[in-house]
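Please look through the structure below before reading on. The paragraphs after it take one topic at a time.

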Amino acid sequence: MTRDKQIQWCMDQHTNTNHKYDEYIPYDFHLRMVVNVYKDFKHLLEPNHDHLVETCELAAWGHDLIEDCRVSYGDVKKILGEMAADIIYAVTNEKGKNRKERASEKYYEGIRNTEGAFFIKLCDRIANVQYSKMTKSRMFEMYKKENHNFMLSLGWGDDFIDPKYEPMFQYLTKLFK
């Protein structure tokens, strides 16, 4: 399948489930925002690792498929490949009654231990914060309140996180000023 068809498949899954962003915007708006953040920061991915760069682009388009579209890991793997499916699986929230339960330590551990997932999770969060700030949504204050714990959960400041992603953390932090 061509890359364009893979991207279209990602968008179609959201359309087919009538999935909206902010209740009234076609969901591909959010996907495009995440991909734009990916484009802004893809230079941070290893320059000699073209496969990771390409895979992260697909994962940016598909990051919400398993969580929101009744699409299985196997479906994603078949269309986007195993590495993209692994990233998308890692950034998929767990079942839970609230945000804290859906984003447990196990969830963040999966993100930290899956190549590319850390990057995609930051792309998604940055896009969400940009949008909530632009629209003056109540979500902006929620993201601001949970940002420190979000960054710690991802491993900010710990030895196991590659410092090359520091510009993404700095950008995210600046969005709250």
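Which helices and strands each supply at least two residues of the lining of the largest pocket? They are β1 (20–21), α4 (65–68), α7 (99–102), α8 (105–112), α9 (117–134) and α10 (138–154). Helices (H or I, at least four residues) and strands (E, at least two) are DSSP runs, numbered from the N terminus. The model is a predicted one, in which local features need pLDDT of at least 70 and side-chain atom pairs count only at pLDDT 80 or more, while totals for chains, interfaces and linings use all residues. Residues are numbered from 1 along each chain as its sequence is written, and side-chain values use heavy atoms, with hydrogens and water left out.

A pocket is found on a 1 Å grid over the protein atoms alone: it is an open set of points where a 1.4 Å probe fits, with protein on both sides within 12 Å along at least five of seven lines, and its lining residues have an atom within 4 Å of a point. The largest pocket holds about 1,000 Å³ of space, a volume being the space filled by probe spheres set on the points, which are joined across faces, edges and corners. Its lining has 34 residues, and Asn93, Arg99, Asn128, Met139 and Tyr143 lie nearest the centre. Helix α10 gives the most to this lining, with seven residues.

Next comes helix α11, residues 166–175, where Met168, Phe169, Leu172 and Leu175 are buried. Buried means under 20% relative accessible area, exposed over 50%, and partly exposed in between (1.4 Å probe, protein chains only). Seen down the axis of α11, the buried residues fall within an arc of 120 degrees, so they line one face of the helix; the arc is that of the directions from the helix axis to the C-beta atoms. An α-helix has 3.6 residues a turn, so residues three or four places apart point the same way. The buried residues of α11 pack against α2 (28–41), α9 and α10, where contact means heavy atoms within 4.5 Å.

Phe169 also takes part in ring pairing. Rings of Phe, Tyr and Trp (its six-membered ring) pair if their centres lie within 6.5 Å; planes under 30 degrees apart count as stacked, over 60 as edge-to-face and the rest as tilted. By this rule there are 13 aromatic pairs. The ring centres of Phe118 and Phe169 are 5.7 Å apart and the planes stand at 65 degrees, so this pair is edge-to-face. Phe118 lies in α9 and Phe169 in α11, so the pair ties together parts 51 residues apart in sequence. Both Phe118 and Phe169 are buried. Phe140 and Phe176 have ring centres 5.4 Å apart and planes at 40 degrees, so their pair is tilted. Here Phe140 in α10 is linked to Phe176 in the segment after α11, 36 residues away. Ring pairs also join Tyr38, Phe118, Phe119, Tyr165 and Phe169 into a cluster.

Two loop residues remain. Is Glu23 buried or exposed? Glu23 has 75% relative accessibility, so it counts as exposed. Glu23 sits in the loop between β1 and β2 (25–26), and its phi is near 70 degrees, a positive value in a residue other than glycine. Lys136, in the loop between α9 and α10, has a positive phi of about 55 degrees although it is not a glycine. Lys136 is exposed, with a relative accessible area of 75%.
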